[in-house]
Amino acid sequence: MKKALAWILAAALLDRAARQDDLVGMTTPYLYHHYVQALLECGETRCAARALCHYWGGMIQRGADTFWELFDPEDPLASPYGSRMANSYCHAWSCTPAYLLRQYGELLREG
């Protein structure tokens with residue numbers, strides 16, 4: 001029960017933060033991983049699938065054949081180091097879709 005409550009609170013907090021104009025948005029696959037997983041754990045499969053498609057799909061739509069260290073759908077050229085030349089465009093921490101599809105594939109198919 002405590003674990004479920006923690007996931008519900010995490011999803012609500014991240015969702016609220018994602019909608020705040022004055023906050024730095026989610027731009028790293030690390031944070032998106034936890035956001036999407038929290039949504040899945042709370043039964044928000046449609047929202048989780050949309051987030052997967054929006055974030056990682058956004059990279060693919062921009063020609064990525066590997067996943068990036070940082071991706072801001074609102075500013076695709078953003079870099080954590082101040083120059084798009086200094087971004088990792090094949091980043092291991094960005095492999096979340098592979099994990100989530102294996103771990104929650106049945107839920108995502110239903111959503």
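Trainee: Which residues form a nonpolar patch on the surface?

Mentor: This is a predicted model, where local features need pLDDT of at least 70, side-chain atom pairs count only at pLDDT 80 or more, and totals for chains, interfaces and linings use all residues. Residues are numbered from 1 along each chain as its sequence is written, and side-chain values use heavy atoms, without hydrogens and water. One member, Ile8, lies in helix H1 (residues 2-18) and is partly exposed at 46% relative accessibility. Together the patch has about 290 Å² of accessible area, and its residues are Leu5, Ile8 and Leu9.

Trainee: At which residue does helix H3 bend?

Mentor: H3 covers residues 45-61. Its buried residues (under 20% relative accessible area; exposed is over 50%, partly exposed in between, with a 1.4 Å probe and protein chains only) include Ala51, Leu52 and Trp56.

Trainee: How many disulfides does the search of the whole structure find?

Mentor: A disulfide needs a pair of cysteine sulfur atoms within 2.5 Å. For Cys42, the nearest cysteine sulfur, that of Cys47, is 10 Å away. The sulfur of Cys90 is 10 Å from the closest one, in Cys95, too far for a bond. The search finds zero.

Trainee: Is Cys90 buried or exposed?

Mentor: Cys42 is partly exposed, at 25% relative accessible area. Cys90 has a relative accessible area of 59%, so Cys90 is exposed.

Conventions: Patches are made of residues with over 30% relative accessible area and no salt bridge: like charges are joined within 9 Å, nonpolar side chains (Val, Leu, Ile, Met, Phe, Trp, Tyr) within 5 Å. Accessible areas come from the Shrake-Rupley method with a 1.4 Å probe; for residues, only the protein chains shown count as cover. A salt bridge is a side-chain nitrogen of Lys or Arg within 4 Å of a carboxyl oxygen of Asp or Glu. Helices (H or I, at least four residues) and strands (E, at least two) are DSSP runs, numbered from the N terminus. The bend at a residue is the angle between axes fitted to the seven residues ending there and the seven starting there.
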